[in-house]
Amino acid sequence: MSGTSSDFPVSSQKFEIFKNLGILTVPASYIHKTRLADFYKRHQGGKRKSFYYYDSDINDQNFANPSRILKPGEKFQVDVVRQVFRGETTSEERMAFLAVHRGIYLGAQGASLVFDDQKMRTDLPKGKWYSSFDEKDRLWQVTNGRRRVPCIHAYSDGDFYFSLGFFESVCGDHVCFFLFRDCSQK
């Protein structure tokens, strides 16, 4: 603790859960090995594109080894966490908040499932970015040694981007993050 009377670490006091998106059920058609390729085909492969921008580095090769391999039928409570601290915070501080709240790391696959759920996508507050964390050593590492974190950008004009941020970068209050919790755990 750092001199506060709270039961939570100081980093956890910088964030709050502000939007409950509901229960996410992994679909029966979910196949881990091809999840991101299938997602790309559905949302960017035809004439009508779901994303104004889609980073092609978000693929099954770069994100093949997440902390949690999802299985059809699994259920997760999905919440959005925002920063209430004026200034910048680190990925480590955000992950400390997830740890306090027993968050499950679902990375790129989790973000893609949130976007696939029409109600969750509609309920995402616009004008924000939404990171989906995984353990640092499971994130895709680029040639300069930095790690990439998948993000959905929900712009106020209705456009969506599926892009990658850097784990090592600091974030401001426009960058929120997903809190996934296993519904079978109490």
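Which backbone nitrogen does the side chain of Asp55 reach?

Mentor: Before the answer, a word on the source: this is a predicted model, in which local features need pLDDT of at least 70 and side-chain atom pairs count only at pLDDT 80 or more, while totals for chains, interfaces and linings use all residues. Residues are numbered from 1 along each chain as its sequence is written, and side-chain values use heavy atoms, with hydrogens and water left out.

The side chain of Asp55 reaches the backbone nitrogen of Asp57, at 2.8 Å. Asp55 itself sits in the loop that runs between E2 and strand E3 (75-83), where helices (H or I, at least four residues) and strands (E, at least two) are DSSP runs numbered from the N terminus. Asp55 is buried, a word that stands for under 20% relative accessible area, with exposed meaning over 50% and partly exposed in between (1.4 Å probe, protein chains only). If residues up to four places away in sequence are set aside, Asp55 touches Phe162, Ser163 and Leu164, contact meaning heavy atoms within 4.5 Å.

Strand E2 (53-54) also belongs to what covers the buried residues of H1, along with others including strand E6 (160-166). Those buried residues of helix H1 (residues 35-44) are Arg35, Leu36, Phe39, His43 and Gln44.

Conventions. Lys and Arg count as positive and Asp and Glu as negative; His and the chain ends are not counted. A salt bridge is a side-chain nitrogen of Lys or Arg within 4 Å of a carboxyl oxygen of Asp or Glu. A polar contact is a pair of N or O atoms within 3.5 Å; within protein, one must be able to donate a hydrogen and the other to accept it, and residues adjacent in sequence count only if both atoms are side-chain atoms.
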